[in-house]
Amino acid sequence: MSIQTDKIKEEFAKRLHLAMDTKGYPLRGRARILSQEFQISDKGAGKWLNGEAIPETSKIPLLANFLNVNSEWLISGNGQ
């Protein structure tokens, strides 16, 4: 993986955590919350939260809606 790609994943994870903080989700158990809401594995959700992966494109608007944030902000940090 390129350094640029790793940076994008890390920044996405930071925004995901920030949005979950704002919604009041506890730090522990976030992967389970996401896995149940989006029908993915706990491991897959953990990768989103740890900056190891970004959700597939089709899940971004659903995730943004779930967290009451802008899709563009969630992906890029712009357009909050």
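**Close-up views of a predicted helical model**

**View A. Gln39 sits on the outside of the loop between H2 and H3.** Gln39 is exposed, with a relative accessible area of 67%. Here, exposed means over 50% relative accessible area, buried means under 20%, and partly exposed lies in between (1.4 Å probe, protein chains only). The residue lies in the loop between H2 and H3. Helices are DSSP runs of H or I with at least four residues, strands are runs of E with at least two, and both are numbered from the N terminus. Gln39 is not a glycine, yet its phi is positive, about 50°. Most residues other than glycine have a negative phi.

The model is predicted: local features need pLDDT of at least 70, side-chain atom pairs count only at pLDDT 80 or more, and totals for chains, interfaces and linings use all residues. Residues are numbered from 1 along each chain as its sequence is written, and side-chain values use heavy atoms, with hydrogens and water left out.

View B. Asn68 belongs to the loop between H4 and H5. At 60% relative accessibility, Asn68 counts as exposed.

**View C. Helix H4 has a buried side and an exposed side.** H4 spans residues 60–67, and its buried residues are Ile60, Leu63, Ala64, Phe66 and Leu67. These cover an arc of only 160° around the axis, which puts them on the same side of H4. The arc is taken over the directions from the helix axis to the C-beta atoms. Leu62 and Asn65 are exposed on the other side. The buried residues pack against four helices: H1 (3–23), H2 (30–38), H3 (42–50) and H5 (71–76). Contact means heavy atoms within 4.5 Å.

**View D. Leu63 is among the residues with the most contacts inside the largest nonpolar core.** A nonpolar core is a set of buried Ala, Val, Leu, Ile, Met, Phe, Trp, Tyr and Cys residues joined through side-chain atoms within 4.5 Å. The largest one has 16 residues. Besides Leu63, those with the most contacts inside it are Phe12, Leu16, Leu34, Trp48 and Leu67. H1, H2, H3, H4 and H5 each supply at least two residues of this core. H4 gives the largest share, 5 residues. Leaving aside residues up to four places away in sequence, Leu63 touches Phe12, Leu16, Leu34, Phe38, Trp48, Pro55 and Leu74. In soluble globular proteins, nonpolar side chains tend to be buried together.

**View E. Helix H3 lines up its buried residues on one face.** Ala45, Gly46, Trp48 and Leu49 are the buried residues of H3. Seen down the axis, they fall within an arc of 155°, so they line one face of the helix. The face turned away carries exposed Lys43 and Asn50. Packing partners of the buried residues are H1, H2 and H4. Gly51 follows H3, with a positive phi near 75°.

**View F. H1 and H2 pack at about 90°.** Their axes are 12 Å apart. Axes are lines fitted to C-alpha atoms, for helices over the stretch in contact, and angles run from 0 to 180 degrees between N-to-C directions. The two helices are therefore roughly perpendicular. That word covers 65 to 115 degrees; under 35 is roughly parallel, over 145 roughly antiparallel, and the rest oblique. Leu16, His17, Met20 and Asp21 in H1 meet Arg30, Ile33 and Leu34 in H2. The contact residues divide into 4 nonpolar, 1 polar and 2 charged. Ala, Val, Leu, Ile, Met, Phe, Trp, Tyr, Cys and Pro count as nonpolar, Asp, Glu, Lys and Arg as charged, and the others, Gly among them, as polar.

**View G. H1 and H4 cross at roughly 30°.** Their axes come within 9 Å. H1 contributes Phe12, Leu16, Ala19, Met20 and Lys23, and H4 contributes Ile60, Leu63, Phe66 and Leu67. By class, this contact has 8 nonpolar residues, no polar ones and 1 charged.

**View H. Ser35 is a buried residue of helix H2.** Its relative accessibility is 6%, so Ser35 counts as buried. With residues up to four places away in sequence not counted, Ser35 touches Ile40, Ser41, Asp42 and Ala45.

**View I. Trp73 lies in helix H5.** Trp73 is buried, with a relative accessible area of 6%.
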